[in-house]
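Please go through the fold of this protein in questions and answers. Start with the chain as a whole, then take the sheet and the helices.

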Amino acid sequence: MTDVHRDAVIGFYDRHPINEDEILAKLLAAGIDPKHLDVETLARFDQDHYGGTAAVDELASRAGIVAGAHVLDVCSGMGGPARWLAHRYGCRVTGLDLTRSRVEAAQRLTARVGLDTLVDFVEGDATAMPLPDAGFDAVVGQEAWVHVPDKAALIRECARVVRPGGTIAFTDIVARVPLQPSEQQRLYDEMSYAPLGLADEYLALLESQGCEIVYLEDLSDVWTRLLVERLQMYRSLRDTTVAKFGQQHFESWDRGYAFFVGLYVEGRLGGTRIVARRR
Ligand SMILES: C[S@@+](CC[C@H](N)C(=O)[O-])C[C@H]1O[C@@H](n2cnc3c(N)ncnc32)[C@H](O)[C@@H]1O
C-alpha cells in the first residue's frame, strides 16, 4: 500500500461520523450512563457495517464460530463485531486495524464493557499482518476490505494466518458491473475505496490460496435498501459531525456518501458474503 493511500484511509477514519465521542453522546442522549454499560447496549451503537449484530451472527454461524475458538477480525474498526462475537459465542477475538485512533477507541470501549480479557486489538496493515502463521480458527471481515488496494496480498495474509481447516468469512462492497474510471476515482477521493472488482475476483484469489468456497451470497438488493436508510442516518448525525469536524467536512462527506448510495440504487455497486475453508 502506498503511503498516500494509507494516509487517506487513516484520515478518513480519523474524521468518520461514527466515532467514540458520537457513540458516547448517543448513549447519554438515550439516558444510558456510559460508566455502567453492557455489551448488548453498546452494540446498538458501535457496529460500522450493514445489518448490525444480526449480520455478525449470520457471518458467525456460516463460519462455524464456537466457544473457545480464536477469531481474527481483519479491519476491526472500533471493535463492535469483535466484542459481539466474544460476548455471544464465548470465543477469543483479535481485531486488526490500520487506524490507530480506531484501535485505541476499540480498546477503551472494550474495557468499558469488561471484555478486555477475551478481546484485544492490534494496529497493523491487513496486507502485512503482524501475526503468526495458522494462529486463528477463523478470519472475518465486514465492509472494510474495500479499502485495501492489494487484494491478492490481503487474501494471502488471511490464508496464512488461519489454520488448515479454518474459515475465512466476510462481507464486502463489490462492483456489480465494471465501474467507469471516473466512478472509481470519486470513490477513492471521497471514501478512500481502492478500485472495486467483482465478487469473482475474491473467489479466484481464495482458490489460488488453497481455499475452498463453501458459501456465496449476493447481498446487493438487501444492502441497497439498507444504504438508502444509512444515508438518512448520517444526515441525522449532522449536528455532532459539524460540531466535531466542521460544516465543510459534513458537506463533503454527504456529497461522497450520496454518490456512493446512488451507485447502489443504479445497480452498479453491490455486496457479497463469502465463506471459504482453508484446505
Ligand atoms: C467500515 S470500518 C469497518 C469496521 C468493522 N468491520 C465494523 O463492522 O464495525 C473499516 C475499517 O477498515 C480499516 N482499514 C482500512 N484499510 C485497512 C488495512 N489495509 N489494514 C487494516 N485495516 C484497514 C479502517 O481503519 C477502518 O477502521
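**Chain, sheet and helices**

In this predicted model, 42% of the 279 residues in the chain are buried.

Q: How many helices and strands does the chain have?
A: Both kinds of element are present in the chain. The count is 12 helices and seven strands.

Q: Why does the chain count as being as compact as a globular protein of its length?
A: The globule rule gives 19 Å for 279 residues. The radius of gyration of the chain is close to that value, so the chain is as compact as a globular protein of that length. Along the principal axes, the C-alpha trace spans about 50 × 50 × 35 Å. The radius of gyration itself is 18 Å.

Q: What share of the contacts with a separation of 6 or more is made by residues 24 or more positions apart?
A: Contacts in the chain are taken here at a separation of 6 or more. Among these, residues 24 or more positions apart account for 77%.

Q: Which strands are at the edges of the sheet?
A: The seven strands form an open sheet with mixed pairing, in the order β3-β2-β1-β4-β5-β7-β6. An edge strand here pairs on one side only. Neighbouring strands of the sheet are turned by 20° against each other on average, direction ignored. The edge strands are β3 (119-123) and β6 (211-218).

Q: In which sense do β1 and β2 pair, parallel or antiparallel?
A: Strand β1 covers residues 70-74 and strand β2 residues 92-97. H70 has R92 in β2 as its bridge partner. Five bridges join the two strands, and the sense is parallel.

Q: Which strands does helix α6 lie across?
A: Helix α6 consists of residues 100-112 and runs at about 165° to β3. Helix α5 (residues 80-89) lies across β1, β2, β3 and β4 (136-142), at about 175° to β2. For α6, the strands are β2 and β3.

Q: How are α11 and α12 oriented to each other, oblique or roughly perpendicular?
A: The axes of α11 (residues 238-245) and α12 (residues 247-265) come within 7 Å and cross at roughly 130°. Angles of 65 to 115 degrees would count as roughly perpendicular, and those over 145 as roughly antiparallel. The two helices are therefore oblique.

Q: How many nonpolar residues are in the contact of α11 with α12?
A: From α11, the contact takes in R238, T241, V242 and F245. These meet Q247, H249, F250 and W253 in α12. By class, three residues are polar, one is charged, and the nonpolar ones number four.

Notes. Residues numbered from 1 in each chain as written. Predicted model: local features only at pLDDT ≥ 70, side-chain atom pairs only at ≥ 80, totals over all residues. Pairing = 2+ DSSP bridges. Helix = DSSP H or I, 4+ residues; strand = E, 2+ residues; numbered from the N terminus. Axes fitted to C-alpha atoms, helices over the stretch in contact; angles between N-to-C directions. Contact = placed C-beta atoms within 7 Å. Parallel < 35°, antiparallel > 145°, perpendicular 65-115°, else oblique. Nonpolar A, V, L, I, M, F, W, Y, C, P; charged D, E, K, R; others polar. Rg over C-alpha atoms; globule rule 2.2 N^0.38 Å. Buried ≥ 20, exposed ≤ 12 C-beta atoms within 10 Å, placed from the backbone.
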